[in-house]
Amino acid sequence: MSMLGALRYRLRVLFCADEHGREMADELTHHLELETIDQLRMDPHRDETAARERALRVVGSRAYLNEERRAAAGARFMDTLRRDLRYGVDALRRRPLFAASAIGTIALGITAVTTAFTLIDSVFLRPLPVAEGDRLVRVYYPRPNNRTWSLGLDAVRVLRTRASAFDAVVAHESRNVVQVGIGDHTVEQHAAFVSANYWTTLGVHPRVGRFFGVSEDSVVDRDAVAVVSSTFWHAQLLDDPAVLGKEIRIGGRSFSIVGVAPEGFDGIAVGEMPNDVWMPLAMARAGRMDCIGQPNCRIGDVLARLAPGASLQTARTQVRALEAAISAASFGGDSVRHVGLEKAAGLRMSERASYVGLARLLAAIAIVILVIACANLSSLLVARGVARQREMAVRMSLGAGRARLVRQLLTESFIIASAGGVLGLVLSMWTTRGLMGFFVNDEEGFRHFFNLQLNGRILALALLIVCLATLLFGVLPALTASRVDPAGALQASRSGGSGDARTRSLLVGAQVALAVMLLTTGSLLVRSARRLMHAQRFNADHVVMFRWRPDLAGHGSARSATDMREIVSRLQALPEVESVGFRRCCDLLWSAWAQGGTPIGLSRFDTVALAQAQHVSPRFFSTLQVPLVVGREFADADRDGTTRVGVVNLSLAQRVFGSATPPSALIGRVIRIDSLDVQIVGVVPDYQPRGVSASAPLVVYTPYWQSVVGADGDTRFAVRVQGDPDHALSVVTRTVSNVDPRVLVTEAMSMSGQVSARYVQVHLGEAVVTVAAALALFLSATGLYGMIAFLVACRTREIGIRMALGATASQIVAMFVEHGMRSAAIGGAAGLGAAFMSTGLVSEWLVGVAPRDAVSFSLAAALVLGATAVASYLPARQASRTDPASSLREG
Amino acid sequence: MILGILHNSGPAMPERQSKSEVLKGTLDMLVLHTLTVQPMHGYAIMQHVKGLTDDALAIEAGSLYPALERLQKRGWVSARWQPSPTGRKAKYYSITAAGRRQLGEERAQYDRAVWAIARVLGRG
């Protein structure tokens, strides 16, 4: 209790200082009154005024008394702080240009750090954005490589009845792509099949209508009800007020809409698909999860809520004890599997892996940028300290101790850092969104959603960084600036002490070193991305793509074939279209696996290689503008019943026939694909982009109309167009939809968009590091510029004397450039050394470039040398234009 | 003599910290002990000590009030405003449980010190 009392007292003194002061005054007045009364009693002849005077004398000086009390109460700290803050703000306001550049510099560093942390937070730490999200846990079977298995509904039942640590256990399948029929058209949407307690557990309330209840999730295939998202209502139903009761078709069933989810609720598959439609888990057959209702059906991810008072540990212990029962429910039999349990924070485990490298890289870069910014600012403040020597000297001769001056200067630094922190936080909201924008659409056109709002953790980190940065950039300048000899400083005109110059050289050197590190990493990543894309031998510009799914509409192969021919002829008739090619599903149209596939041989009994067999249309290679090495590509004449023909890629040709055989000698040779003999009519290069270190895929191409018989028609199309690809894309998809509106046209996008989405990590790494390196180079160049400019300003007199004694302009320039280059060279060498040790950090992203690639290192060194040379030359040239006569007069 | 020691010196002595902790502690002990009688306002504490010692021992306002702040900061004394017999509100200080424990310790320490000093002076 008294501990609490003491705490309350201290808080009051700190934060309610005015009230505390008023009370002290009141108390003293009371004391004086009593003393006056006493004085009157002791000497009744005295009049009241005299008694009061006497009382005042006895009690002592009011001001002194108050001061003593405030000191004893610990309130003086706040008084000084407040005064320092006011003084600091005034000082900054008087120099707006200085203030802006200082705040901007530190804001850059803080933006970098907060951006990196926001990513880390949203991928690893952040609870689901629902009510009591921090009480939710995921329960699953762990598998190697961060993958997991779902528990399934039977296991959910075990948890519901036997694990008292949970007060709710939700089963959900939140990652389903379904075709939704609305009226006469079909769209692809992301659906979730969820148990009825999904809604109550997450604390979500319907915007319109209702959610489904337990009775509607009890009998398999009975209650065809659906809840749609606000986005779906808006985009697909055009905000139709009669949304309730509306029928939509999913998986061959007609579902009746009973409610609309609130605005902004995208489901719980954070980092993955935002959900558009929710249906009861009992209806999972509509999502082609056919085992629902049968034993050992492992459908349903588990999200459980910890009961009030139950800890994660309790839950773990209980689940461990139930492992046998849970495994039996999931798999049947009596093998016991380990059941994993973790807080439902950040993304799912399997999703996190793709961000780990990026998070690590970003964090490292952010720290480097912050340190550079601090070094830059530190050197700026050292310069300012020299300019403020007189002010410091005046304050010191008026009685301020050195500690007092250091404190004042640190307070100013803290003001700068805080303003930079606020600015940095605001900026990081943008940069984070920009960064995650790279991941919002994947290579198959699926949307992903992230949860990037500002939260307490990010604010706390920003505050910590502000304090840390204050120390990092503020201490050194505060110490140098407060090291003044009052008498000397007041007499002498301003001059940079040699100590300050050395400090600044050191800071500039450190900045250059870090910039070199970033530049080296940047040029490594840029070169690596170049190499990767260098292997790409097709032209993705002006190609639009889509996937066509007649299988989902239940069309047979004959109907599909007719429709496909119709699509090709209609597309080719369009003025925008140059040519059309397609390939049977299911990989991306332009990609190939590196390993495995169909056995390839020269005779019936040998197998020389395993190659991926791809079934492609006539004009496929010309549409992609893949140049044939030799021979021809497929024509309309290559169809069922004619001689079986094939095209091989160069790697397969060399594997089968040896690298000594020229490609032209292969035309007409016969190879066996699986059990079919095929005559080679052409050879294509390995055109897929790939890492130089990755082995080339072996691919054999066969004509679609010859080899794909009786297939379901799931096809990926490429259309080379003229003019604006975005415009062409809409024309193309409309044309295709008109052939049969019920067949879904999906994954419609530009080919270049798909290629860059496929290699998002490479491009993002490249982009981030390049921007960071440019920033670092800029900061260290301005740091160097500032240092030389300042030296020039301080030594005007000296320059004047030198010039009067006959020094030439170029000698003056050389003197300053040499000074600048010396610190840059030392820093640069240190940076190269550090880079040599640390580029291993990005090695997982490097393809075809060694982490210690000499070209990248030389490039970085050359860039820094060039930039520093310019940065020291500019102010030096200014110096050489000094007019000796006037500089000596002014000095 | 004692009076002079107990008074916190005036403005001429800026180095407050250099005063012996024992003396400060003695003042704290007196205040704490006084408050065991009943909650009192500052003036009453002064009068109480003065009265008990027939004016031989006087605490000055300049020492008392800082001491009260210090004692509050440590959680040994708590304060609240309530009506005084003169009708107006006054700040009444009372001793806390921790304050009583502290008082016990200080008394023990003081007794030991007095005993030791007496031995040295040859009166034990």
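A polar contact is a pair of N or O atoms within 3.5 Å; within protein, one must be able to donate a hydrogen and the other to accept it, and residues adjacent in sequence count only if both atoms are side-chain atoms. In this predicted model, local features need pLDDT of at least 70 and side-chain atom pairs count only at pLDDT 80 or more, while totals for chains, interfaces and linings use all residues. Residues are numbered from 1 along each chain as its sequence is written, chains are lettered from A and ligands numbered from 1 in the order in which they are written, and side-chain values use heavy atoms, with hydrogens and water left out.

On chain A, α1 (2-15), α2 (17-42) and α4 (62-73) each supply at least two residues of the side that touches chain B. Helices are DSSP runs of H or I with at least four residues, strands are runs of E with at least two, and both are numbered from the N terminus. The largest share, 13 residues, comes from α2(A).

Two salt bridges also span the interface of chain A and chain B. A salt bridge is a side-chain nitrogen of Lys or Arg within 4 Å of a carboxyl oxygen of Asp or Glu. Arg88(B) and Glu33(A) form a salt bridge through their side chains, at 2.8 Å from N to O.

Ser617(A) sits in the loop between β15 (609-616) and α19 (620-624) of chain A. A polar atom of the Ser617(A) side chain lies 2.8 Å from the backbone nitrogen of Phe582(A).
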